[in-house]
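Subject: Structure handover and findings

Dear colleague,

Please find the structure below, passed on to you for study. My notes on what was found in it follow directly after.

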Amino acid sequence: MNTVAKDRLVSTEILSRIKQYSYARPNKYMVAFAVPDKLSKYIAVVDNKLTRERQELINFNCARIASPERRLEASDVQSSAHESRIVIAGEIRPPIQLGFICHSDMYEKYLFDLWLEFIFHHKERTVMFQCDYSTEIVLTQLDQKHNPRYEIRLSECFPIQVSSFNYDYQPTNSPIIIDVTFSFSSFSCSSLVKETTPPTIAT
């Protein structure tokens with residue numbers, strides 16, 4: 001039977017450790033993904049102004065991203081007439097959402113429009129193979145000095161929905177941000193921090 005450790009940290013020790021290691025901030029992150037090769041060639045044929053160099057800039061316009069949720073699917077199983085127990089049936093992987101700031105030419109919105117059109121061409125009623133339109137997304141948590149600390153890799157990612165946005169005549173300095181929902185097959189997490197011995201906290 002597992003027991004709770006008797007050693008507890010007092011508030012001053014906790015604050016000292018936070019000061020030593022700093023804490024994770026939601027605005028210190030980096031997103032990287034590449035447009036699949038066949039999709040990139042398709043985009044170049046449709047519009048030659050959308051060069052590969054321009055396509056790579058999409059990473060820098062990711063204004064927000066929700067990390068993947070990790071959740072196990074549990075169900076009750078009747079083990080006897082009077083007892084039931086919970087068993088794990090599998091893992092649920094809800095889609096993730098990324099928000100992209102749009103330039104004045106709306107290139108970001110256009111790129112994802114073409115991506116969805118490449119997956120399912122509504123006029124010709126054709127569907128591509130997943131290996132041709134899926135990619136890998138890497139989300140990296142950075143520290144205060146912009147060093148990578150924690151990494152999430154999502155496999156076989158592709159957009160399934162591009163959000164709408166509203167036009168109006170109200171003056172605003174805020175850019176248009178489109179939310180793109182991505183499906184993925186699996187993800188893995190890893191720590192990028194070298195193992196070190198925690199410093200001794202003076203009391």
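I begin with isoleucine 160, which has a relative accessibility of 44% and therefore counts as partly exposed, since that class lies between 20% and 50%. Isoleucine 160 is found in strand S9. Leaving aside neighbours within four places in sequence, isoleucine 160 is in contact with Pro95, Leu116, Thr181 and Ser183. Isoleucine 160 and tryptophan 115 are 45 residues apart in sequence, and their C-alpha atoms are 9.5 Å apart in space.

Please keep in mind that this is a predicted model. The mean pLDDT of the protein chain is 83, and 82% of its residues reach 70 or more. Among the elements of the chain, S10 has the highest mean pLDDT, 96, whereas helix H1 (residues 11-21) has the lowest, 63. Over residues 196-203 the pLDDT stays under 50, and for this stretch the model has nine contacts beyond four places in sequence.

As for the overall make-up, the protein chain contains five helices and 11 strands. Of its 203 residues, 30% are buried. Among the contacts with a separation of 6 or more, 68% are between residues 24 or more positions apart.

In soluble globular proteins, nonpolar side chains tend to be buried together. In this model, the largest nonpolar core has 33 residues, and those with the most contacts inside it are Phe33, Phe100, Phe112, Trp115, Leu154 and Phe182. At least two residues of this core come from each of strand S1 (29-33), helix H2 (37-46), strand S5 (96-101), helix H4 (107-119), strand S8 (135-142), strand S9 (148-162) and strand S10 (177-183). Which element supplies the largest share of this core? It is H4, with seven residues.

Not counting residues up to four places away in sequence, leucine 154 touches Pro68, Ile96, Thr135, Glu136, Ile137, Phe184, Ser186 and Phe187.

The buried residues in H4 are Tyr107, Glu108, Lys109, Leu111, Phe112, Leu114, Trp115, Phe118 and Ile119.

Aromatic pairs

There are 11 aromatic pairs in the model. In one of them, the ring centres of phenylalanine 100 and phenylalanine 112 are 4.9 Å apart and the planes are at 45°, so the pair is tilted. This pair links distant parts of the chain, because phenylalanine 100 is in strand S5 and phenylalanine 112 in helix H4, 12 residues apart. Both phenylalanine 100 and phenylalanine 112 are buried.

A second pair joins tyrosine 133 and phenylalanine 158; the ring centres are 5.1 Å apart and the planes are at 80°, so the pair is edge-to-face. Tyrosine 133 lies in helix H5 (residues 130-133) and phenylalanine 158 in strand S9, so the pair ties together parts that are 25 residues apart in sequence. Tyrosine 133 counts as buried at 8% relative accessibility, and phenylalanine 158 counts as buried at 15%. Ring pairs also link Phe33, Phe100, Phe112, Trp115 and Phe182 into a cluster.

Residues in the loops

Where does proline 36 lie? It lies in the loop between S1 and H2. At 8% relative accessibility, proline 36 counts as buried. Beyond its neighbours within four places in sequence, proline 36 is in contact with Trp115, Asp132, Tyr133, Ser134 and Thr135. Proline 36 and tryptophan 115 are 79 residues apart along the chain, and their C-alpha atoms are separated by 9.6 Å.

Two further loop residues have a backbone feature to note. Methionine 106, in the loop between S5 and H4, has a positive phi of about 55° although it is not a glycine. With a relative accessibility of 19%, methionine 106 counts as buried. Histidine 146, in the loop between S8 and S9, is likewise a residue other than glycine with a positive phi, near 65°.

Yours sincerely,
A colleague

How values were computed
Residues numbered from 1 in each chain as written. Heavy atoms only, no water. Core = buried A, V, L, I, M, F, W, Y, C linked by side-chain atoms within 4.5 Å. Buried < 20%, exposed > 50% of the residue type's maximum accessible area, 1.4 Å probe, protein only. Helix = DSSP H or I, 4+ residues; strand = E, 2+ residues; numbered from the N terminus. Contact = heavy atoms within 4.5 Å. Phe/Tyr/Trp six-rings, centres within 6.5 Å; stacked < 30°, edge-to-face > 60°. pLDDT = per-residue confidence, 0-100.
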